[in-house]
Amino acid sequence: MPASPGSTTPSGTAVATRSELLAAPLPELLARAAAVRDAAWGTRLTFSPKVFIPLTMLCRDRCGYCTFAKAPARLDSPYLPIEEVLEVARAGRAAGCHEALFTLGEGPEDRYPAAREWLAAHGYASTVEYLVAACAAVLAETGLLPHANAGALGPDELAALRAVSASQGMMLESLNPGLDAHRAAPDKVPARRLATLEDAGRLAIPFTTGLLVGIGESREDRLDALEAIAAAHARHGHVQEVIVQNFLPKAGTSMHRHPPCPTDEFLWTIAAARLLLPPDIHLQAPPNLSDDLAPLVAAGIDDWGGVSPVTADHVNPERAWPALGILRAATEEAGYTLAPRLTVYPEFALDPVTWLDGALRFPVLDASDAEGLGRDHPWASGGESPPPDLLAPSVATAPGAPGRTAEPELVPAGGAVAEVLAGVLAGETVGEDEIVTLFGARGPEVRAVAAVADRLRSEVVGDEVTYVANRNINYTNVCTFKCKFCAFSKGPLSLNLRGAPYLLELGEITDRVAEAEAMGATEVCLQGGIHPDFDGDYYLHVIRAVREGSPTIHIHGFTALEVTEGARRSSLPLADYLVLLRDAGLRTIPGTAAEILDDEVRAVLCPDKIDTEEWLEAHRTAHSVGLNSNVTIMFGAVEQPRSWARHLVRTRALQLDTGGFTEFVPLPFVHMATPLYIQRRSRRGPTFRETLLMHAVGRIAYRGAIDNIQLSWVKLGAAGARQLLRAGVNDLGGTLIDENISRAAGASHGQMMDADAFRALVAPLGRTLAQRTTLYGRVVHPDGQGTVLAGVH
Ligand code: SF4
């Protein structure tokens with residue numbers, strides 16, 4: 001079975017010997033290389049959206065194939081001034097890039113007085129010193145992650161660059177010391193380049209290197225270079241990728257009559273690299289140097305390298321980058337998916353203490369998604385940017401949906417996601433590993449996961465979309481707990497954040513309940529901070545205050561943390577305390593306080609809160625005394641998909657025991673005003689792809705256990721909500737008169753939706769809207785008669 005994209009980093013040693021590589025027929029090598037790539041990286045091919053910054057085109061080397069290096073007389077300025085550097089970087093930022101790749105000649109100050117003079121006039125002792133300053137400026141001003149490609153450097157230079165760049169690179173090119181191409185290039189002496197590779201490893205620098213193929217070297221020479229790279233990686237683990245680049249002759253160079261690298265030699269080298277290097281080293285071939293991309297995929301690459309929507313390839317200016325759409329099409333036609341990455345690969349980004357200078361850790365985190373890849377869109381939960389459209393129009397499956405043209409693609413062509421979906425369609429239950437695999441879906445795989453979830457939704461609950469008319473009452477925002485993600489509470493952590501501390505009078509709660517009922521609400525949702533002055537009786541007083549406002553309104557309230565604290569402060573067993581609350585009028589409890597039910601993650605998010613087992617036990621106990629509840633997950637702050645999968649599996653197991661959960665409510669982390677993000681310790685919430693998958697995978701994982709999947713429109717907005725309704729969701733949650741918690745965290749969507757707004761959301765999908773009670777009975781509205789409740793509530 002192919003590896004899931006999010007699975008543990010593959011590692012290990014070469015899978016072919018040198019003599020096998022030299023003797024085997026090319027088709028056999030290609031097939032073996034592709035199989036190794038598939039086993040290691042599944043269906044995912046990555047690329048890095050970046051800008052190229054040619055800091056200086058002066059170089060002391062004279063390589064026989066190079067058109068990048070120029071003489072000072074041919075340049076306006078020996079170095080690109082900082083303002084121009086920043087201009088390029090800002091354009092890259094605006095175009096969605098994550099990386100600033102600095103390309104430059106080697107040691108030009110040793111050859112050109114003009115370089116020395118420019119550096120001296122600007123206060124720099126060397127090109128590398130100026131490069132450090134330029135990287136620092138780009139990082140600080142734009143957040144783009146610098147990748148320094150400065151050639152053969154000494155350890156001090158590498159160390160200085162490590163403080164301002166997320167990764168560095170240097171092509172080994174070839175270890176053959178006798179190549180004409182390098183005769184006038186002192187920096188291309190193999191020993192010098194091997195020393196740089198080794199020093200980078202000692203300094204724990206995520207490092208990119210590679211081979212230039214077809215400049216006169218032999219196959220044996222290439223294997224020598226690959227073996228040297230593998231040996232350095234075995235010592236330090238720092239080689240993140242190897243680029244295999246094909247030589248193309250260029251006019252104006254001494255090698256302009258040299259034949260281009262033959263395709264077979266190029267493909268042989270890619271396959272040999274895949275088979276000789278450990279599989280955990282990524283393998284890249286530049287997409288702009290080949291006319292046909294499919295053979296590169298078939299030879300075993302898993303990365304396309306940098307692709308810029310803004311700048312040209314300054315090293316190969318005659319070869320334009322393929323547009324992203326073309327690259328995506330070529331990738332998907334080959335049966336793979338395309339994912340943006342950062343300059344530093346996930347295996348390194350997810351281990352920042354080992355691989356990144358302290359100054360780079362937050363910029364990398366800030367640009368990352370949950371798998372350590374690059375965020376693929378500016379959308380953020382609770383923000384104003386509209387979401388990307390992840391679902392093809394044909395995925396709308398509801399009968400009569402406008403624009404419905406075909407049945408959705410239920411299973412993509414191949415790979416681990418397809419295998420899991422085929423199992424789901426055959427009735428299998430997904431386990432933790434399968435759930436992680438589904439969370440790794442990209443491109444057409446996302447549409448396929450959504451289509452399967454949509455089908456399950458249709459089978460389980462039909463086409464009706466439900467909502468509940470409710471009001472949130474957050475009775476206090478004062479809290480003794482110190483949850484790092486919470487922008488709502490006004491404890492010591494967040495005194496500088498918006499809003500003043502408050503505690504509602506009980507009479508105010510009564511008034512709000514009466515007002516809500518008059519407005520048609522059937523439910524009040526009660527949640528608040530854990531006020532230091534509360535005793536266990538406080539929650540009973542709140543219930544009585546609600547009952548004074550309405551004898552019948554459904555009371556949905558008090559998280560697992562609140563009831564656990566209430567019981568503790570009352571010195572009562574939890575079950576006894578819950579019975580008191582139930583007898584006073586409490587009907588259901590919300591799933592909030594679950595955050596991520598994985599204690600490793602809770603230790604970061606909410607170290608002083610109830611742990612996973614206590615949350616599960618609180619809900620088990622609630623179910624045992626007849627109180628229903630729901631499952632929430634607050635995702636996208638610091639954790640990876642493995643923790644999401646554990647959360648789903650643990651809550652599903654409880655549901656299969658008790659049957660007490662009514663719905664699953666994913667809550668995408670709204671980062672803007674949270675202490676965790678302000679302290680530069682979290683991502684900016686989930687991506688929209690992750691958000692959509694959380695709902696769709698929830699539908700799949702909870703099949704036969706939890707029938708209702710609810711979205712949180714406060715965090716998603718209408719455009720996001722509509723896509724999720726096509727990915728397994730059947731419930732819109734509450735109208736939420738007064739919603740303070742997401743808004744405190746920075747969410748910009750409104751405080752209230754009404755039936756008309758919900759109807760407008762649902763109608764274009766060809767689905768019908770129904771008002772429900774808290775426990776999924778239906779609310780009937782005879783004309784002019786107000787709200788009449790039908791069914792249980
Ligand atoms: S999440 Fe709840 S328990 Fe944690 S600080 Fe905020 S209000 Fe308090």
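**The sheet and the cores**

Modeller: Seven strands form an open sheet in the order E11-E12-E13-E14-E15-E16-E17, with parallel pairing. Strands pair here if DSSP finds at least two bridges between them. Helices (H or I, at least four residues) and strands (E, at least two) are DSSP runs, numbered from the N terminus.

Colleague: Which strands stand at the edges?

Modeller: Strand E11 (470-473) and E17 do, each with a single partner strand, so one side of each is left without a neighbour in the sheet.

Colleague: What sort of model is this?

Modeller: This is a predicted model, in which local features need pLDDT of at least 70 and side-chain atom pairs count only at pLDDT 80 or more, while totals for chains, interfaces and linings use all residues. Residues are numbered from 1 along each chain as its sequence is written, and side-chain values use heavy atoms, with hydrogens and water left out.

Colleague: What is the mean pLDDT of the chain?

Modeller: The mean is 90, and 91% of the residues reach 70 or more. pLDDT is the predictor's confidence in each residue, from 0 to 100. Over residues 393-406 the value is below 50, and this stretch has 27 contacts in the model beyond near neighbours in sequence. Contact means heavy atoms within 4.5 Å. Residues 784-793 also have pLDDT under 50, with 25 contacts beyond four places in sequence. Where pLDDT is low, the predicted coordinates should not be read in detail.

Colleague: What sits between E15 and E16?

Modeller: Helix H24 (residues 641-658), and together with E15 and E16 this helix makes a right-handed β-α-β unit. Right-handed means that, with the strands pointing away from the viewer, the path from the first strand over the helix to the second runs clockwise.

Colleague: How many residues does the largest nonpolar core have?

Modeller: The largest nonpolar core has 119 residues, and those with the most contacts inside it include Val-449, Phe-558, Leu-605 and Leu-732. Apart from it lies another core, of 102 residues, among them Phe-47, Leu-58, Met-170 and Ile-229. A nonpolar core is a set of buried Ala, Val, Leu, Ile, Met, Phe, Trp, Tyr and Cys residues joined through side-chain atoms within 4.5 Å.

Colleague: You listed Phe-558. Where is its place?

Modeller: Phe-558 is in the loop between strand E13 (554-557) and helix H20 (560-570). Its phi is near 75 degrees, a positive value in a residue other than glycine. Phe-558 counts as buried, at 0% relative accessibility.

Colleague: Now E2. Which way do its residues point?

Modeller: Glu-99, Leu-101 and Thr-103 point one way from E2, Ala-100, Phe-102 and Leu-104 point the other way, and all are buried. The chain crosses from E1 through helix H3 (residues 82-94) to E2 in a right-handed β-α-β crossover.

Colleague: Last one: which residues of H6 are buried?

Modeller: In helix H6 (residues 155-162), Leu-158, Leu-161 and Arg-162 are buried. Seen down the axis of H6, the buried residues fall within an arc of 105 degrees, so they line one face of the helix. The arc is that of the directions from the helix axis to the C-beta atoms.

How values were computed:
Buried means under 20% relative accessible area, exposed over 50%, partly exposed in between (1.4 Å probe, protein chains only).
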